[in-house]
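Thanks for coming, everyone. Please take a moment with the sequence and the model on the screen. Then I will walk you through it.

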Amino acid sequence: MASSSSSGLTFKLHPLVMVNISDHYTRVKSQMNPPVTSTSCSNTNGNGNGEGGDSAAVKAPPPPPRVYGCVIGVQRGRTVEIFNSFELLYDSATDSLDRAFLLKKQELYKKVFPNFYVLGWYSTGSDAEESDMHIHKALMDINESPVYVLLNPAINHAQKDLPVTIYESEMHVIDGIPQLIFVNSSYTIETVEAERISVDHVAHLKPSDGGSAATQLAAHLTSIHSAIKMLNSRIRVLHHYLVAMQKGEIPYENSLLRQVSSLLRRLPAIESEKFQDDFLMEYSDTLLITYLAMFTNCSSTMNELVEKFNTAYDRHSRRGGRTAFI
Amino acid sequence: MEAGKRKTEEEQQTLVDRKRKAEISEPPPPTTTTTVTMNAVESLVTQIQGLSGSPNDVVALHAHLNKVDEALRGESARLLPFLDQLDPSIHSLGYLYLLDACTSGPVSKEQATNLVLITSRFLTSCSTEQIRLAPEKFTGMCKRFKDQVLLIEAPMRGVAPLLVAVRKVQPSSEHLTSLHPDFLQLCLLAKCYKTGVSLLEDDIFEVTQPRDLFLYCYYGGMICIGQKHFQKALELLHNVVTAPMTSINAIAVEAYKKYALVSLIDNGQFSPSLPKYASSSAQRNFKNFCQPYIELANTYSNGKIAELETFVQKHREKFDSDNNLGLVKQVVSSMYKRNIQRLTQTYLTLSLQDIANTVQLNSAKEAEMHVLQMIQDGEIFATINQKDGMVRFLEDPEQYKSSGVIERIDSSIQRLMTLSKKLTNMDEQMSCDSLYLAKAGRERQRFDFDDFDSVPQKFNM
C-alpha cells in the first residue's frame with residue numbers, strides 16, 4: 001500500500017490537527033463501556049459447543065475504536081497546509097461518513113475561516129485498510145484528491161518520530177486492473193506562535209495538578225539534580241580514563257590530554273574572597289529558611305499530636321460536648 | 001585442664017562423702033531448699049563453658065541458670081574461685097549469674113576492692129547479646145558495683161566501666177535505662193563532668209521508670225552546671241520540674257531550687273509560677289518548700305547588690321544545707337555581670353572608675369578584673385585602654401558567614417528532620433489508638449448538615 005508519492009505535493013501539518021485527533025480518540029476510548037466478562041461471553045459460545053464455560057480463556061481486550069473526522073486547510077500551488085480538523089460520525093451500516101453532518105459543519109467553518117477547504121479526512125489505526133478506500137472515494141466529490149491522515153494511537157516508547165502518516169491516492173495498474181491505492185507522503189510540521197507555546201506548556205507539565213509553586217519548585221530542582229548527576233558521571237568517566245592512562249593501561253593520547261588540560265585551566269572562574277563571603281552568606285540564608293520551614297512543619301505535627309493526646313487522655317476536657325461543625 | 005578437673009572432682013568427692021556421712025546423723029534437710037554442692041557448681045561451670053557457643057544454646061543455658069539461681073545465692077561466699085575458670089567475653093551469661101550470686105550478700109571493704117576489679121574487667125569485655133537476655137540481673141549487679149565503688153571511696157574507677165555497661169544494656173541510644181542516673185551520680189562524685197556530658201548528648205525518647213527520668217535529669221542538670229552549660233542545665237531541670245507527677249517528690253523539690261538559681265544566673269529573672277503543663281500538685285506545693293529561693297529571686301530583681309549580699313548572708317545555713325551555696329555565690333557574681341552588660345547598652349566608652357561606681361564594686365582594679373574575665377568568657381566585646389583606664393565597648397563581630405555556622409545549621413536541620421519523622425510516627429500511632437478513636441467518635445455531630453445520611457452515633461470499640 002505504501003510507496004512514495006509521486007505527486008510532488010508538499011504537505012505541512014499543524015500540531016493542532018494532531019492534538020485534535022488524539023483528543024477525539026482518547027475521549028471515545030475512555031467513554032467505551034467496559035468489556036464483557038468472560039463467563040457471559042463463554043455462555044454465549046459454550047452452549048453452541050456443548051462445553052462448560054468456566055474453563056474458557058480470558059477474552060481478548062476489545063480492539064481499539066476507530067475515530068473519523070475531516071481535515072481542513074489551504075492549498076496554495078503545490079503546498080498543502082492542514083490547519084484544523086473536526087469530527088465526523090461513522091455510519092457502519094452504509095460504511096460511510098455522515099454526509100449531512102459533514103456539509104453542515106463545512107458551512108459553519110466556512111463562515112469563520114473563509115479560506116479553509118476540506119482537504120481530506122483522518123482516522124486512527126496502525127495501518128490503512130481496504131475499507132478506508134470507500135470513504136476516500138466518497139470524499140472525492142468534495143475534493144478531487146483528498147488526503148488521508150492516519151494516527152497510530154499505540155504508544156511506542158522506542159519510536160522517535162510522530163506516529164502520524166499522510167496518504168494520498170493514486171491510480172496504479174495492478175494485475176492489469178487500474179486501481180486506486182494509498183501511497184505514503186512525507187510531511188513537515190508547521191507551527192504558529194500560539195501553537196508553539198501550548199505545545200511547550202503541555203510538554204513540561206508532568207504532574208497532574210501542576211502549576212502550584214511547590215510542584216514547580218520540585219520540578220525545577222529535579223531537573224537541576226539530574227543535570228548535576230549527569231555532569232558528575234561524565235567527570236567520573238574522564239577521571240577513570242585519566243587514571244588508567246596514568247597507570248599505563250591505555251597508551252598516551254596527547255590530543256585528549258591537551259583538551260583536558262585546557263578545560264582545567266578554565267575552571268576556577270571565581271576565586272576571590274569577596275565571592276566566598278557573599279556565597280556563604282546567601283547559602284546560610286537559604287539554610288535558615290529551610291530550617292524555619294522544618295520548624296513550622298514540626299510544630300504543626302506536634303500541635304496535632306498534642307490535641308489528639310488531650311482528646312484521648314485528658315480527664316478535664318470538655319465532657320460530652322458537641323462542637324459546632326463548621 | 002582435664003587432669004586438673006578430675007583432681008578437683010576427686011577432692012570434692014571426698015568432701016561430698018564426708019558431708020554425706022555428716023548428713024546421716026543429722027535429720028534430713030527439708031525438700032524445698034536444694035543444697036548446691038560444690039560438685040553441682042562444677043558441673044554448672046562446665047555446662048556454661050559448653051553452652052555458650054551458639055545463640056540457641058545460650059537461650060537454653062539462660063533457662064537453666066534461672067532455675068539454679070536461688071540455689072546459687074545461698075553459696076555466694078564460695079563461688080569466687082569458680083569465676084576464674086570462665087572467660088567473661090565468651091561465657092558472659094554464666095559469668096553474670098555467678099558474679100551476681102557472689103555479690104548478693106553483704107560485702108566487706110577488702111572484698112569490695114577485689115570485686116570492683118573483677119567486675120570492671122567483666123563489664124568492659126562482656127558480650128552484648130548474651131547480656132541483653134538478662135537485663136534486670138545485669139542492672140542489679142551494676143548498681144551493686146556502684147555501691148562497692150563508693151564503699152572503697154574511688155568513684156573514678158567506676159566511671160569508665162559503667163559507661164560501657166550503659167551502652168551495652170540499652171536497646172538503642174534513645175532508651176533510658178536505670179543505669180543512666182547511677183552513671184551520672186558517679187561522674188558527679190568523681191568530678192569527671194566531660195564523660196557525663198557525652199552521655200547527655202543523646203536525645204531520650206523512651207522511658208520505663210519515671211524515677212529514672214527524674215534522677216537522670218537532675219544529675220544531668222548538675223553536671224551541666226559544673227560544665228557551665230547553663231542553657232542545657234536549665235532545659236534538664238525544667239524537665240524534672242514540669243514532669244507529670246501525682247504527688248511531689250524530693251528530687252523535684254531539689255531540682256526546683258536549682259532551677260531557680262540557674263535561671264537567675266542565665267536569664268537574670270525567675271518567675272515562681274510554673275507553666276500550664278506542669279502537674280497541679282507541683283504548682284501548688286513547690287512554693288512551700290522553696291521559700292528562701294523565691295525571696296532571693298525577688299531581691300535579685302531589685303538590682304541592688306548590697307541587699308542581695310545581706311540576704312545571702314542571712315540565709316547562709318539554709319543554702320549550705322541544701323548544698324547550693326556555690327550556686328548562690330555564682331548568682332551574686334552574675335549580678336555584677338548583668339549590671340556591666342547593661343552599661344554596654346548605654347555607653348560607648350567608660351572609665352574603669354565609673355564602672356566601679358555604677359556597679360558598686362570597691363575599686364577600679366576590681367572592675368578591670370571583672371571586665372577582663374567577661375571578655376575572656378565572651379560575654380561582652382570590649383577593649384581596655386590601660387593608659388587612661390578607659391573601656392571601649394564594641395559590637396559583636398560575628399558575621400555568621402563562616403562555614404562553621406553553615407555546618408551548625410545543617411546539623412540542626414538533620415536533627416529536626418529525624419525529630420519530624422518521629423513525630424509523624426507518633427501522630428499516626430495516636431490516630432490508631434482505641435481510646436482516642438472512642439472519644440473522637442463520641443464527639444462527632446449527630447447529623448451532618450450537608451448530607452442526610454445517618455452518621456453512626458458512636459464507634460463501638
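First, a term: contact means heavy atoms within 4.5 Å. By that rule, 28 residues of chain B are in contact with 28 residues of chain A.

Some ground rules. This is a predicted model, where local features need pLDDT of at least 70, side-chain atom pairs count only at pLDDT 80 or more, and totals for chains, interfaces and linings use all residues. Residues are numbered from 1 along each chain as its sequence is written, chains are lettered from A and ligands numbered from 1 in the order in which they are written, and side-chain values use heavy atoms, with hydrogens and water left out.

Back to the interface. Buried area is the accessible area (1.4 Å probe) that two parts lose on being put together, summed over both. For chains B and A that comes to about 2700 Å², with 70% of it on carbon and sulfur atoms.

How many salt bridges are there between chain B and chain A? The count is 1. The term means a side-chain nitrogen of Lys or Arg within 4 Å of a carboxyl oxygen of Asp or Glu. Here B:Asp427 pairs with A:Lys308, at 3.0 Å from N to O.

Which parts of chain B touch chain A? Helix 22 (403–431) and helix 23 (434–442) each supply at least two residues to that side. Helices (H or I, at least four residues) and strands (E, at least two) are DSSP runs, numbered from the N terminus. Helix 22 of chain B gives the most, with 16 residues. On this side of chain B we find 12 nonpolar, 7 polar and 9 charged residues.

Now chain A by itself. It has 8 helices and 10 strands. Of its 326 residues, 24% count as buried. Buried means under 20% relative accessible area, exposed over 50%, and partly exposed in between (1.4 Å probe, protein chains only).

Look at helix 1 of chain A, residues 15–31. The expected span of a helix is 1.5 Å times one less than its number of residues. For these 17 residues that gives 24 Å, and the end C-alpha atoms are 24 Å apart, which agrees. Its buried residues are A:Pro15, A:Val17, A:Met18, A:Ile21, A:His24 and A:Tyr25.

Next, salt bridges elsewhere. Over all chains the structure holds 21. In chain A, A:Glu81 meets A:Arg76 at 3.6 Å, N to O. A:Glu81 counts as buried, at 9% relative accessibility. A:Arg76 counts as exposed, at 54%.

A:Arg196 and A:Glu193 make another, at 2.7 Å. They are 3 residues apart in helix 5 (residues 193–204) of chain A, so about one helical turn separates them.

Over to chain B. B:Lys137 forms a salt bridge with B:Asp100, the closest N and O atoms being 2.7 Å apart. B:Lys137 lies in helix 8 (residues 135–151) and B:Asp100 in helix 5 (residues 92–103), so the pair ties together parts that are 37 residues apart in sequence. Buried or exposed? B:Lys137 counts as buried at 13% relative accessibility, and B:Asp100 is buried at 1%.

Last stop: B:Glu254, B:Lys257, B:Lys318 and B:Asp322 are linked in a network of salt bridges. Thank you.

Definitions and conventions
Ala, Val, Leu, Ile, Met, Phe, Trp, Tyr, Cys and Pro count as nonpolar, Asp, Glu, Lys and Arg as charged, and the others, Gly among them, as polar.
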